[in-house]
Amino acid sequence: MSAQTLAPQETGHDLVLDVSTGFYGYDNYEYIADPLGTTSLWGTDFVLSYSTETRTETFAFDAGIRFEYGDYAEQPDLTSQWINPFAIVDYTREGTNSLFHVNLSYRERENGIELVNDFLTSNDLIVDQGTRSNARIDVDLALGRDTPTFFEAGLYYDQQRYFDTTNPNLSDEDTFGVEAELGLAIARNASLIGTASYYVRDDLEDINDDEEHSSVGVGVQGDLAPDLLFRGVLNYNWDVRTYTDGDDRVEKLTQGPTLDLLFVKDRPNGAVSLALYGELDSNGTRTTMTLGRDFELPRGQLDFTAGATLLSDGSISPVGTVHWERDYRTRALVLDYSSSVETDYDGADFLRNSLSFSFQQELTSLDGLLLDMSIYSADDVEGGDSQERQASVNVSYYRDINRDLSLVMGYRYSYYDDADPNDTVNANEIFARIDKSFSLRP
């Protein structure tokens, strides 16, 4: 499984400082149900980026912070602050058929409504005042890529902390996950595979449930025909959920087998896929079947899946995804839709739907308009009262003043509702800023 290494060759270094400064006005800066007034401030964002690349290695570093000065409705004694610091280090080394990748990141941000950033990565997004921080490490290793004998592994650790919040359900937590897969050649285009995974989420204050999941599996994958890929894995899973019962923390163990099957057939303009996969948690086993099609279009792409999820109680829920993008000479459109059944941190099954749309229109060679819209909903599949509704709309106008200087102005609306009238959040924001990029090639 060793890989031949290519000879290093420098292709350059890039050092860039981006500065964005301008006026921002909010009618609900803290994203709370009953805001106290309007917040007006001058905000400046600083982002420093460095990257270097050879034929076998890439390295990138990004760091930034925001400075604000103005009048804060909820904190009248506050006149300025430094907020939202972040730092990201990314390193990749790639050989002929091997890969090593590591990513380190730290980020602080407001507990506002960020559909794109949160809905794809979080089971339970609660809008509240204050901030949250995430320190994370991701490591990936692959040997023997694109060969019948291979090894792949990945792990991550995420540490989430909350500051200056009021919602009692916002609790600090640590999350760790690792998974590995080994493939042994049994034919020229077929492999016997073994898989293993482990995941644990620890709620440090024991407000929400703790969760621990592990699995092992064995299966085969290979080419049934030159244009038809098959993969089948039989897994055995253990799930332990720890919850509060009175004054005690109680463990609930659920275990059992699941089956994953996948067929992918290449087509002249994309691929057709048929997938069946099982998931086991404290509620039992969920089995999902989907049929998918990918289209490579002359000016874009269309990918979709359609199927259904069979829950442990015998009920069926339709699920699916759609991704469509179209690039014209002076405009671009992107549409994303997702529907899936997931288990939240309290062990309840929810049907989650998210829809986002982006439209960019060039008015001239120097300016244009950008529209982003996103909506999200989550409903208890058992018909309970728990639900979430979130939405965001962003409209902006941009103009390139010169190569490294641009003007951006616009409006943003955000909405959040968790079925409690006292928690409904509406927020409006207007902004006008200047973006300047300073680049240096060492």
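Colleague: Which residue's side chain meets that of Asp-379 in a salt bridge?

Modeller: Please bear in mind that this is a predicted model. As a general idea, side chains of opposite charge can pair when their charged atoms come close. Here the partner of Asp-379 is Arg-389, with 2.8 Å from N to O. Asp-379 belongs to strand β19 (residues 367–380) and Arg-389 to strand β20 (residues 387–402), so the pair links distant parts of the chain, 10 residues apart.

Colleague: How many salt bridges does a search of the whole structure find?

Modeller: The search finds 20. One of them pairs Arg-93 with Glu-57, at 3.2 Å from N to O. Because Arg-93 lies in strand β4 (residues 80–94) and Glu-57 in strand β3 (residues 57–71), this pair ties together parts that are 36 residues apart in sequence. Arg-93 is partly exposed, with a relative accessible area of 32%, and Glu-57 is partly exposed at 26%. In another salt bridge, the closest N and O atoms of Asp-138 and Arg-136 are 2.8 Å apart.

Colleague: Asp-138 also interests me for its surroundings. Which residues does His-101 touch, not counting those up to four places away in sequence?

Modeller: His-101 touches Asp-138 together with Asp-90, Tyr-91, Thr-92, Val-139 and Asp-140. With Asp-90 there is a polar contact of 2.8 Å between the side chains. His-101 itself lies in strand β5 (residues 98–110). Its relative accessible area is 18%, so His-101 is buried, the limit being under 20%.

Colleague: Where is Asn-28 placed, and is Asn-28 buried or exposed?

Modeller: Asn-28 sits in the loop between β1 (10–26) and β2 (39–54). With 2% relative accessibility, Asn-28 counts as buried. A polar atom of the Asn-28 side chain lies 2.8 Å from the backbone oxygen of Ile-32. Leaving aside neighbours within four places in sequence, Asn-28 is in contact with Pro-35, Val-425, Asn-426 and Ala-427.

Colleague: Let us turn to nonpolar residues. Which residues make up the largest nonpolar core?

Modeller: A core of this kind is made of buried residues joined through side-chain atoms. The largest has 9 residues in all: Tyr-24, Tyr-26, Tyr-29, Leu-41, Tyr-72, Ile-83, Tyr-398, Val-408 and Phe-431. Among the residues that Tyr-398 touches, not counting those up to four places away in sequence, are Leu-366, Leu-369, Leu-407 and Val-408.

Colleague: Which residues make the nonpolar surface patch of about 480 Å²?

Modeller: The patch is made by Leu-182, Leu-184, Ile-186, Leu-192, Val-218 and Val-220. Two elements give two or more residues to the patch, namely β8 (173–187) and β10 (210–225). Of the contributing elements, β8 gives the most, with 3 residues.

Colleague: In which strand is Val-218 found, and what is the relative accessibility of Val-218?

Modeller: Val-218 is found in strand β10. Its relative accessibility is 48%, so Val-218 counts as partly exposed.

Definitions and conventions
Residues numbered from 1 in each chain as written. Predicted model: local features only at pLDDT ≥ 70, side-chain atom pairs only at ≥ 80, totals over all residues. Heavy atoms only, no water. Helix = DSSP H or I, 4+ residues; strand = E, 2+ residues; numbered from the N terminus. Buried < 20%, exposed > 50% of the residue type's maximum accessible area, 1.4 Å probe, protein only. Polar contact = N/O pair within 3.5 Å; in protein donor to acceptor, adjacent residues only side chain to side chain. Contact = heavy atoms within 4.5 Å. Salt bridge = Lys/Arg side-chain N within 4 Å of Asp/Glu carboxyl O. Core = buried A, V, L, I, M, F, W, Y, C linked by side-chain atoms within 4.5 Å. Patch = residues over 30% accessible without salt bridge, like charges linked within 9 Å, V, L, I, M, F, W, Y side chains within 5 Å. Areas by Shrake-Rupley, 256 points an atom, 1.4 Å probe, with all protein chains shown as cover.
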